[in-house]
Amino acid sequence: MKKLKKTLIYLFLSIATIISIYPFFWMIVSMTNKSVDVTQGRQLPGTYLFENLRKLFDQVDMVTALTNSAIIAILSTVFTLFIASLAGYGFQMYRSKGKDIVFNILLLSMMIPFASIMIPLYRLFGRISQTAPIIGIDTLAAAFLPTITTAFFIFFFRQNTKMFPKDLIEAGRIDGLSEIGIFFRIFVPTMKTTYAAAAIIAFMNSWNNFLWPLVVLQSPSKQTIPLLISNLGSSYSPDYGMIMSAITIATLPTALVFFFMQKHFVAGMMGSVKG
Amino acid sequence: MKQLTNKNNIGWLFVLISVVAITLFYFYPMFDAFLLSFQSGMGANLEYVGLNNWSRLLNDPTLRQALINTMTYLIIQVPLMIVLALFFSVILNDPDLKFRGFFRTAIFLPAVTSLVAYSVIFKYMFSIDGIVNQLLLNLNFISEPIAFISDPFWAKVVIILAITWRWTGYNMIFYLSALQNIDRSIYEAARIDGANSFQQFIQITIPMLKPIILFTTITSTIGTLQLFDEVVNITSGGPGIQTISISQYIYDLSFKYTPNFGYAATVSYVIVILVVILSIIQFKVAGEKE
């Protein structure tokens, strides 16, 4: 009876594993096959990898999309880490009744569905376009500006600041550091793992973001990776080998981050619930 | 005392940029959307039309379909995923299980994919000559391929399966970490009292995990109400509008059909209202059992 149960559990887990991993397997195998082989259900690696990659970089503006996505994701991450950690630290270290109220109001923004603010945001950037076109509609700046800080990350940094030893701050004050100096010289270097976890999540969010770039970026030269894949995916006669190469390349950064920084990855995910 | 107020003011400087940015990029747009919901017109030429948009909500067949679809996804997908994730987490929490780390990583792996990327993969896997049809044909489960993507029923099934594939492992990680905080001696005691594993699950695990189950249910609900990437990339709302989500409808109203920002903003408030109502219900339901 016990043995049967064990066997069933392993069987169940094995099936779940196959279902979880198969799409990745198929993606990578298809990347090395001719489109026609993919449609015929070929499950073995082929020899078309370089051909597919060559087509991808020749026929589609993959380099531009990769560059755009990287610029947007890096700037979004840098700004979020800086602005949200300042706020999380401020709300926790200089706690006051007023700040607690403001903090709770900011948290409410987590409940706002993006679909309900995308049109006003689009209009806002439309107006910005008239005075400052370099950060208006159809610019990379417009794609990351709304993500420079979010309530989630402020909350995340505030939770983590709770574990930061106050003695270090006092020591900094005695050493004559200014308040902002304490933040940069003491807080930031000690909280490296917190920043690493936040960076992973912020980068992933931005790298995978679809709806806002779809709304605000219009010209092909501003396309990001998700927009490019979505376009390729909706073509009537898809070149499977080529599209799978694009998808694999798009998945690579987040997959690598996951495998090499699994601990930080999970810490970032959990940041929203602990404490 | 003077130094204290001074510090208080410095504190405000720390939070200033965030307060300004969130007000500008979240609260102001919410307010603008509210004003927009009383306006109508094309593109930027808007005029106030009173409650016209709001009364139009009541007689909009596309909106009704979008609501039915979104609720279908919600009611089937969220419970399915939460139960599966709980199940995996309990199994994988057993320290005697071999290859625990491997299974955990494998089941979590879908969570690293981008929504667009996995949607396109699912669309191809379920296409008429796709791998799923080939498998079912070879196993003789079906005699001719199923048009998964262009059939109103199967298209919804594919979307639900896709979302479940992507998010089950993600939610499982939350439960696993919560399970690690449960004292093993509680289970020991229950076993001595003669409780079997199912009874232990219902009487110990579920109550202990209640806060985290509530958290994941609310985030999943909010996520499903905002569903966009999957529907657009798997079925583009089709066949017809049979799988369209509310978010996609808002997008279509604003950027695909003749732009009608006023009505689109009104529809967007439907999502806001649903998010608020469902979150309150979930809090109430979870609170009552206490």
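Analyst: Helices are DSSP runs of H or I with at least four residues, strands are runs of E with at least two, and both are numbered from the N terminus. This is a predicted model, in which local features need pLDDT of at least 70, side-chain atom pairs count only at pLDDT 80 or more, and totals for chains, interfaces and linings use all residues. Residues are numbered from 1 along each chain as its sequence is written, chains are lettered from A and ligands numbered from 1 in the order in which they are written, and side-chain values use heavy atoms, without hydrogens and water.

User: What makes up residues 67-282 of chain B?

Analyst: The span is 74% helix and 0% strand. Its end C-alpha atoms are 19 Å apart. UniProt, in an unreviewed entry, labels these residues "domain: ABC transmembrane type-1". Such annotations may be inferred rather than shown by experiment.

User: Where does that label fall in chain A?

Analyst: The unreviewed UniProt entry puts it at residues 66-261. That span is 76% helix and 0% strand, with end C-alpha atoms 22 Å apart.

User: Why is helix H9 of chain B called short of a straight helix?

Analyst: H9(B) covers residues 197-225, which is 29 residues.

User: What lies at B:Lys210 in H9(B)?

Analyst: A kink of about 65 degrees, shortly before B:Pro211. The bend is the angle between axes fitted to the seven residues ending there and the seven starting there.

User: Which residue caps the N-terminal end of H9(B)?

Analyst: B:Asn196 does, with a side-chain oxygen 3.1 Å from the backbone nitrogen of B:Phe198.

User: Why is A:Thr194 called buried?

Analyst: Buried means under 20% relative accessible area (1.4 Å probe, protein chains only; exposed is over 50%, partly exposed in between). A:Thr194 has 8%, so it counts as buried. It sits in helix H11 (residues 192-208) of chain A. Leaving out residues up to four places away in sequence, A:Thr194 touches A:Phe156, A:Phe157 and A:Asn160. Contact means heavy atoms within 4.5 Å.

How values were computed
Expected span 1.5 Å × (residues − 1). Polar contact = N/O pair within 3.5 Å; in protein donor to acceptor, adjacent residues only side chain to side chain.
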